[in-house]
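Here is a short briefing to read beside the structure. Keep the 3D view open and find each residue as it comes up.

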Amino acid sequence: MRSRPASTRRVSTSSFDASSSPRRTRREPRRPRALAVAAVATVLAGVALSGCSRTVIVDPAEDAANPECADIMLTLPDEISGAKARTTSSQGTKAWGDPNIAVLRCGVTPPGPTTDQCVSVSGVDWISKPTDDDDSTWMFTSYGRTPAVEVLVNRKAESGNDVLAAISPALAKIKPDEKCVGADDLEG
């Protein structure tokens, strides 16, 4: 049988003589316990409140520290189609919605000439293609501007055009070096 500290030993009431035993107050043992309970309650409240806005884990792009990315990030909208911006794990990134409707990375490698589809939204050209994973997520990469921006759009949740319409004004202030061309633009 394990022995217990004197303040927590059980005493049989049949052999207990109140006159021979010193009286102990119960407040001393409860104070540390009350503080511990309060600390645990505070931590749980913090976890519960922070659970409302989980951080989106996004790998940074190669050139995420580019000062132009900082300018772009500061002018991106706080909301797209009612979906609020969320906290992300890396510099030069932003996400909207829970679940995500769009995730943006600034500073990706600028794409070279390609035969992939190109769309122009608010004067900004975007190369558009489905991701390798499936057809529900599309990747849009800005074309002709440095730094380049990549946007992954969950097409089951939101239209790529709506997302690009909200994001393009932030990129429009960077002068394009190139632009998308179609078959009609080619000489020959």
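K156 sits in the loop between strand 8 (148-154) and helix 3. This is a predicted model. The briefing starts with that lysine, then turns to the disulfides and a pocket.

- Is K156 buried or exposed? K156 is exposed, because its relative accessible area is 74% and the cut-off for exposed is over 50%.
- K156 and S136 are 20 residues apart along the chain. Their C-alpha atoms are separated by 6.1 Å.

**Disulfides: the overall count**

- A disulfide is a covalent bond between the sulfur atoms of two cysteines.
- How many disulfides are there? The count comes to two, with sulfur atoms within 2.5 Å as the rule.
- Number the bonded cysteines of the chain in sequence order, and the pairing reads 1-2, 3-4.

**The disulfide of C69 and C106**

- The sulfur atoms of C69 and C106 are 2.1 Å apart, and the two residues form a disulfide.
- Which parts does this pair tie together? C69 lies in helix 2 (residues 67-75) and C106 lies in strand 4 (residues 102-108), so the link joins parts that are 37 residues apart in sequence.
- The torsion about the S-S bond of C69 and C106 is about -90 degrees, so this disulfide is left-handed.
- C69 is buried, with a relative accessible area of 1%.
- C106 also counts as buried, at 0% relative accessibility.

**The disulfide of C118 and C180**

- C118 is joined to C180 by a disulfide, with an S to S distance of 1.6 Å.
- C118 lies in strand 5 (residues 117-121), and C180 lies in the segment after helix 3 (160-172), so the pair ties together parts that are 62 residues apart in sequence.
- Is the link of C118 and C180 left-handed or right-handed? The link is right-handed, with 65 degrees about the S-S bond.
- C118 has 29% relative accessibility, so C118 counts as partly exposed: the value falls between the 20% and 50% cut-offs.

**The second largest pocket**

- How much space lies in the second largest pocket? The volume is about 200 Å³.
- C118 and C180 are both in the lining of this pocket.
- The lining divides into six nonpolar, two polar and two charged residues.

Note on methods: Residues numbered from 1 in each chain as written. Predicted model: local features only at pLDDT ≥ 70, side-chain atom pairs only at ≥ 80, totals over all residues. Heavy atoms only, no water. 1 Å grid on protein atoms, 1.4 Å probe; cavity = no way out; pocket = protein on both sides within 12 Å on 5 of 7 lines; lining within 4 Å. Points joined across faces, edges and corners; volume = space filled by probe spheres on them. Nonpolar A, V, L, I, M, F, W, Y, C, P; charged D, E, K, R; others polar. Helix = DSSP H or I, 4+ residues; strand = E, 2+ residues; numbered from the N terminus. Buried < 20%, exposed > 50% of the residue type's maximum accessible area, 1.4 Å probe, protein only.
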